[in-house]
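Good morning, colleagues. Please take a moment to look at the sequence and the structure before I go through them.

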Amino acid sequence: MADLVDGEFTVVGKVIRHLENESESINLLRKEFVGSVNEQSIRPLIESFQTPELTVFMNVPTLEVQIHGPAIHVIPIAIFT
């Protein structure tokens, strides 16, 4: 498991989309089951983990499902150690 967390990898991938300006975005939930659920329905679930009682034990980052440009969307094809 430590190799997965602290390891160094070489990734071969294919660029499938290039966003040049901020008006375009990549949806991280595209083609996922969770993506078929409305984002507004998921947000209360995530926010339920961000109560003051739970943040003492864990830090749940804010939910980001859209990446705005400039960016590139890469699909990994192979991962080497």
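Throughout this talk, contact means heavy atoms within 4.5 Å. With neighbours within four places in sequence left aside, P76 is in contact with V11, V12 and G13. P76 and V12 lie 64 residues apart in sequence, yet their C-alpha atoms are 6.0 Å apart in space. P76 itself sits in strand 4, which covers residues 71-80.

Two sentences on the source. This is a predicted model, in which local features need pLDDT of at least 70 and side-chain atom pairs count only at pLDDT 80 or more, while totals for chains, interfaces and linings use all residues. Residues are numbered from 1 along each chain as its sequence is written, and side-chain values use heavy atoms, with hydrogens and water left out.

Helices (H or I, at least four residues) and strands (E, at least two) are DSSP runs, numbered from the N terminus. The protein chain has 3 helices and 4 strands, in the order α-β-β-α-α-β-β from the N terminus on.

I turn now to I26, in strand 2, residues 25-27. Is I26 buried or exposed? I26 counts as buried because its relative accessibility is 6%; buried means under 20% relative accessible area, exposed over 50%, and partly exposed in between, with a 1.4 Å probe and protein chains only. Beyond four places in sequence, the contacts of I26 include R17, L19, V65 and I72. The C-alpha atoms of I26 and G69, 43 residues apart along the chain, are separated by 8.1 Å.

Finally, the whole chain: of its 81 residues, 9% count as buried.
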